[in-house]
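Subject: Structure handover

Hello,

Here is the structure I said I would pass on. My notes follow below it.

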Amino acid sequence: MRRFGRTMVTAALAVALVGGTAGWASGDSQAAVTGPPPGTAAWRADTAAGRPLPDPATAAPREVAAFFAGLDDTARQELLRSHPLVVGNLEGAPLPLRYEANRIAVVATGEARYAALAAPDRQILAFDPRGRGQVAEVFGDLEHAEHVSVIVPGSDNDAATYDAPRGPHTGPAGMARALREATGAGTGTRTGAGAGGSTAVVAWIGYTTPVGVGLDAADGRLARAGAARLARFTAGLDAVGAPDPVLFCHSYGSVVCGLAARHTDAADLVAFGSPGMRADTVAALHTGARVWAARGPSDWIADVPNVEFAGIGHGADPTSAAFGARRVPAADVQGHTGYFMPGTQSLAAFAAIAKGEAR
């Protein structure tokens, strides 16, 4: 009975404490955005050169890639103009076509909060205006990159806030820029000079994240929905010839990565500021990826109980010796979001992992 009582208390603490980057605010329950993108019904009813279009809900990304490879440029542009939201979110579609489609889709919303995403120098790989909005942005030349990293963020991120000026190097876009610069590729969108010029980084906010601290952040409902979308996203990268990615998974994003791990072909999986990955050990993730973990000394995530009880809490601490992950040095990291600050040990280690140089 005493053990049961301690477990119940710990589970209650997990509900109160597990959360994201917003701090100690209460959380609002979120409805997960799932399924194919808006406009799918019209897409399914259409054809290209007399051929049926691949179903966004069921066609494998490799099938999508093969379909577009069989179209001429005129047919591709016609689909782009008629179905921008579908083309822009269709895993396996050509990257330049998706960038152009999402620029059109962003403008079509007429919403000021998304307007900056339509700038000519931005490479928006995915855009879904439903709910709070989802987005994926590419930093670098994804078509020709030798190394690809994907930032998978935690709570309080959406299409309108992921690049907010709340502090450089902390939000998903800031993390992506910092990582790309640390690899030697520069801060711009296009490929930079030097060895890191072949590195591309994607800020992926492709799932409905929790808001604040509440049950959404303490349970796995949104993470399970996000894991399915992350797995399909990485399959889409593979379909267009991108190298196996490194997944950098922050806070609640590490829960998403833990659930998606067995369904991706990631080369490395890096969990930092993690409340747990819904697995007791690296082996339980069932992944061929190398698994890394980092936690700074002042990261409040250390106060979150590493339990999972009745669906609440996310399990073992990925930085514990028993979990079995490779440790990333993080002794100089400040707080919960300081892992990509220039000059930190963690950013230097992340850059080495991103370039395939870490051992």
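What percentage of the 359 residues of the protein count as buried? The figure is 55%, where buried means under 20% relative accessible area, exposed over 50% and partly exposed in between, with a 1.4 Å probe and protein chains only.

Before the details, the conventions. This is a predicted model, in which local features need pLDDT of at least 70 and side-chain atom pairs count only at pLDDT 80 or more, while totals for chains, interfaces and linings use all residues. Residues are numbered from 1 along each chain as its sequence is written, and side-chain values use heavy atoms, with hydrogens and water left out.

Overall figures

The protein has 11 helices and 10 strands, taken as DSSP runs numbered from the N terminus (helices H or I, at least four residues; strands E, at least two). The accessible surface is about 14000 Å², and carbon and sulfur atoms hold 55% of that surface; areas come from the Shrake-Rupley method with a 1.4 Å probe, and for residues only the protein chains shown count as cover. Of the contacts (heavy atoms within 4.5 Å) between residues at least 6 apart in sequence, 66% join residues at least 24 apart.

Aromatic rings

Rings of Phe, Tyr and Trp (its six-membered ring) pair if their centres lie within 6.5 Å; planes under 30 degrees apart count as stacked, over 60 as edge-to-face and the rest as tilted. That rule gives 10 aromatic pairs. One of them is Phe67 with Phe68, edge-to-face at 5.5 Å centre to centre and 90° between the planes. Both Phe67 and Phe68 are buried.

Phe272 and Phe350 form a tilted pair, because their ring centres are 5.3 Å apart and their planes at 50°. This pair links distant parts of the chain: Phe272 is in strand β8 (residues 268-272) and Phe350 in helix α11 (residues 345-354), 78 residues apart. Phe272 counts as buried at 0% relative accessibility, and Phe350 is likewise buried at 0%. Ring pairs also join Phe272 and Phe350 into a cluster with Phe248, Tyr339 and Phe340.

Separately, Arg326 lies over the face of Trp292, 5.4 Å from the ring centre. The criterion is NZ of Lys or CZ of Arg within 6 Å of the ring centre and within 35 degrees of the ring normal.

Gly226

Gly226 is in helix α9 (residues 221-239) and is buried, with a relative accessible area of 0%. Leaving aside residues up to four places away in sequence, Gly226 touches Trp204, Tyr207 and Val256. Its C-alpha atom is 8.4 Å from that of Ala32, 194 residues apart along the chain.

Regards
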